[in-house]
Amino acid sequence: MKERCVSFVKGVVFAAASMALYALALWLLISLLLLVISMEEGTGGLTDYAFSLTRSMILLSQGIGFQTSAITLSVIPLALTLLMVWLLASIARKRHLSWAAYFGGLITWLSFNMAFAFHISVGLLDNIGIVAVKTCFVFTVAFVLGVFPVSESWQRIKAFFGQHVARELRRALSLGAALGLTLLGIYVLLACIDVVVWIVYGADAVSKIFEFDAMGVGSRIMTSVCSLAWLPNLCIWSLSWMFGSGFRIGELAHFTMWIGQSTDLPGVPLFGIFPQAIGNDGLRSFLLSLPLIVSLVCALAFMLSPTGFAIRAPRAGDDRATVVRDIIMFAYPLGSFCISGALVALGSSCMFALSNGALGAHRLAHVGVDVVASTRAVGYPTIVGLFGTWAAVIVADAAWYGLRLCWSHLRPAKNSLSTGNTADRQPRGVASTPIVVDHATTTTKEEQDGINEQAD
């Protein structure tokens, strides 16, 4: 009982310290931004809103939007969300917190967020029950990510699977999850590269928006730094755009590789980097085929590499049991590819859903991607690439095994035919009649001399 009380107190301290560190860093950044803007605009009192804006951003980073008379904002700054989850998970792992500490930390974390929600100067888009559910969910995810991989529960689960699940099945499950995460990581990396290209090509447009808004150097720098909070959202929208679906800024703009139209967009510098339509058909086709190419290459590597499934064609000299076992081995990569495809579809749909939101109440009520269409644009070519590679490897191995088997049957017949021809071959000019020697009438030299003397 005493240990549980100590763990409960540790959880309370853990949640309070994490919230303090996160809120302090965010408050300093917002205060600096407001200070720079007030100095350049020659107005005072903006820094008084720093604490209220900090509380609003803490709730927004957990998926709780807010609205004022001038703006409605529910697009989650995913960079801040990832930073919050990373901070909570890192501290929980470093302090080796137990599950008893989870309840103390959850109560403390919920208390802080409820206090922010009740004493906030803006209107929240969610009721108090939804606020409690979202904040508890964020804390739970972060705590599980930090504690579960090093907990005794995870070790017991691993031991149970090691004892009751076959090695090949465990390997197939782990490789399937690894392949799915690898594909998602490559897709996100490609999207990040695409966003860098957007920034390079959109630098002039962003500069014009800065000039139009009459922003000074300090405001430009601080605005660009604060825009990084939504950089993961841009990467997710870029992923949808690059694979053929696209994204919308409400009813004001629609961006795809075929369309790059916008009308009356707000003067937000971040909007200046949005892409134009691609006129090169070859480049457009290449971008659309990227998920298919990546999934083909990754699936082939996982099937043939020694660290993967190490699929090899059966040898001609293998017995029937070995050949059957090699054929059954193809079922494991099939199961792994099913897991990978499901993981890619589920992960991409979650990312697309989290990246969406609103920047207004009417024409800007929906900002982001079509989740269903974007998931289909990512998942369908990925699944085709995975199962196409699996089928192609089966056909190639079957053809190679057939060639080996035919060669092994033809080679002994060829060797026997070659041996028979060599035995029958005779030199030219030599009679083929065999010479018979009568050993009974053969005499030695001494016997022949004795016979000759008797004759004389």
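Me: How many salt bridges does a search of the whole structure find?
Reply: The model is a predicted one. One of its salt bridges joins K134 to D126, and another is formed by the side chains of R284 and D281. For the whole structure, the search gives a total of two.

Me: How far apart are the closest N and O atoms of K134 and D126?
Reply: K134 is partly exposed, with a relative accessibility of 27%. Its salt bridge is with D126, and the closest N and O atoms are separated by 2.9 Å.

Me: Is R284 buried or exposed?
Reply: D281, the salt-bridge partner of R284, is partly exposed at 48% relative accessibility. For R284 the relative accessibility is 12%. Buried means under 20%, so R284 counts as buried.

Me: Which helix supplies the largest share of the nonpolar patch on the surface?
Reply: The patch consists of L283, F286, L292, I293, L296, V297, Y380 and V384, which together have about 700 Å² of accessible area. At least two of its residues come from each of α11, α12 and α15. The largest share, four residues, is supplied by α12.

Me: Is L296 buried, partly exposed or exposed?
Reply: L296 is a member of the nonpolar patch and is located in helix α12. Its relative accessibility is 34%.

Me: What is the relative accessible area of V369?
Reply: Leaving aside neighbours within four places in sequence, V369 is in contact with W237, S240, G246, F247, F352, N356 and S374. One of these, F352, is 17 residues from V369 in sequence, with a C-alpha to C-alpha distance of 6.7 Å. V369 is buried, and its relative accessible area is 2%.

Me: Which residue of β7 is the bridge partner of I249?
Reply: Four strands form an open antiparallel sheet in the order β6-β5-β4-β7. Its edge strands are β6 (260-262) and β7, each of which pairs on one side only. Strand β4 (residues 247-249) is joined to β7 by two bridges. The partner of I249 in β7 is V367.

Me: Which residue of β3 is the bridge partner of F66?
Reply: Three strands form an open antiparallel sheet in the order β2-β1-β3. The edge strands, each pairing on one side only, are β2 (72-73) and β3 (123-124). Two bridges join β1 (residues 66-67) to β3. In β3, the partner of F66 is L124.

Me: What is the phi of H96?
Reply: Most residues other than glycine have a negative phi. H96 lies in the loop between α3 (78-94) and α4 (99-118), and is exposed at 66% relative accessible area. Although H96 is not a glycine, its phi is positive, at about 55 degrees.

Me: What percentage of the residues in the chain is buried?
Reply: The chain has 16 helices and seven strands. Its accessible surface is about 26100 Å², with 67% belonging to carbon and sulfur atoms. Of contacts between residues at least 6 apart in sequence, 75% join residues at least 24 apart. Among the 456 residues, the buried share is 38%.

How values were computed
Residues numbered from 1 in each chain as written. Predicted model: local features only at pLDDT ≥ 70, side-chain atom pairs only at ≥ 80, totals over all residues. Heavy atoms only, no water. Buried < 20%, exposed > 50% of the residue type's maximum accessible area, 1.4 Å probe, protein only. Contact = heavy atoms within 4.5 Å. Areas by Shrake-Rupley, 256 points an atom, 1.4 Å probe, with all protein chains shown as cover. Salt bridge = Lys/Arg side-chain N within 4 Å of Asp/Glu carboxyl O. Patch = residues over 30% accessible without salt bridge, like charges linked within 9 Å, V, L, I, M, F, W, Y side chains within 5 Å. Pairing = 2+ DSSP bridges.
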